Amino acid sequence: MANTPRLSDIDLRIELNPAAPEALQDFGVAYWKMAGLGPRTSGPVWVERIATLDYKIWSGTANYAAAAAVTVTAPEYSGGACGGKLTLTSRQALTDALQDKNVDCRSCHATIEEQVAKILSPQSLEIRLRRTAEHDARQKAAEAEASREQGQREIINDRYRPKSSGTNYLLSRVSLSAKIGALAVLHAVGDRDGLIYPIDIGGDTIGPNSSFSTQLFTDAWHSQLLQIRPSSPIDAFV
């Protein structure tokens, strides 16, 4: 039976590929960053799941992109075919090595080096660097838009902070028309949580005709029986 590996037994040596762009090198380092070993499987636990890593701009396969970025050696293990120090081809290769499975090193996989050459070819790099710049520009624009919306939301929350006057106090002071108006609005377009959805107050949704509908809504609104909900969509505010 194989010995259970310990984290201290794993000596991964990561060498950056100077021919790889910095963004690709960063991905390669993140791809191989370990958080420890699983308590049940004793397999590697990775800091980042592959699905959360941005590699598709470089390759459709994460381990090919990582191989173009860095060379990772596990010197305590030997390649199954060549017997030399094990250079890893993927995360799965490390998992297999820890389980004492026969693992071939990177130099014994011609496909790996072929894919690395494609990724790092001048033509491919030019395309991918342009895509990276476009991606960064889109991300910055999205962050700026999010910041703008956050600022708008703060203003809206402050401007339309819900008033906390007691319901009984309000009802004792408002007109019958305002009470009927609030009930008519809730009945026509409200839900069980008291939210009111977009309506044309000049139509006949609230009352039997346009002028009466407008009057009912206006009375309810000016009597503070209806309030604006700050969490409404930002584009609802002008």
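This briefing covers a sheet, a pair of helices, a cavity and a pocket. The model is predicted. Three strands form an open sheet in the order β1-β4-β5. Helix α2 lies across β1 and β4, and α2 also packs with helix α1. A search of the whole structure finds 1 cavity of 30 Å³ or more. The largest pocket holds about 1,100 Å³ of space.

**The sheet**

- Strands of a sheet pair through backbone hydrogen bonds, either parallel or antiparallel.
- In the sheet β1-β4-β5, the pairing is antiparallel.
- The edge strands are β1 (13-16) and β5 (85-87), and each pairs on one side only.
- From one strand to the next, the twist averages 30°.
- β4 and β5 are joined by 3 bridges.
- Ala74 has Leu86, in β5, as its bridge partner.

**The helices**

- α2 runs at about 95° to β4.
- Helix α1 covers residues 22-31, and α2 covers residues 62-69.
- α1 and α2 pack at an angle of about 115°.
- The axes of α1 and α2 are 8 Å apart.
- Their crossing is left-handed.
- On the α1 side, the contact is made by Leu24, Gln25, Phe27, Gly28 and Tyr31.
- On the α2 side, Ala62, Asn63, Ala65, Ala66, Ala68 and Ala69 meet them.
- By class, the contact of α1 with α2 has 8 nonpolar and 3 polar residues, with no charged ones.

**The cavity**

- Rolling a probe the size of a water molecule over the atoms shows where empty space is left.
- The largest cavity has a volume of about 40 Å³.
- α2 and β4 (70-78) each supply at least two residues of its lining.
- Asn63 and Ala66 are among the lining residues of the largest cavity, and both also belong to the contact of α2 with α1.
- Other residues in the cavity lining include Trp32, Ala67, Val70, Leu88 and Arg106.
- By class, the lining of the largest cavity has 6 nonpolar, 4 polar and 1 charged residues.

- The largest pocket is lined by 35 residues.
- Closest to the pocket's centre are Ile196, Leu226, Gln227, Ile228 and Arg229.
- Helices α6 (167-173), α7 (176-189) and α8 (210-222) each supply at least two residues of the pocket lining.
- α7 gives the most to this lining, with 4 residues.
- The pocket lining divides into 23 nonpolar, 8 polar and 4 charged residues.

Terms used: Residues numbered from 1 in each chain as written. Predicted model: local features only at pLDDT ≥ 70, side-chain atom pairs only at ≥ 80, totals over all residues. Heavy atoms only, no water. 1 Å grid on protein atoms, 1.4 Å probe; cavity = no way out; pocket = protein on both sides within 12 Å on 5 of 7 lines; lining within 4 Å. Points joined across faces, edges and corners; volume = space filled by probe spheres on them. Nonpolar A, V, L, I, M, F, W, Y, C, P; charged D, E, K, R; others polar. Pairing = 2+ DSSP bridges. Axes fitted to C-alpha atoms, helices over the stretch in contact; angles between N-to-C directions. Contact = heavy atoms within 4.5 Å. Left-handed = near helix turned anticlockwise from the far one by under 90°.
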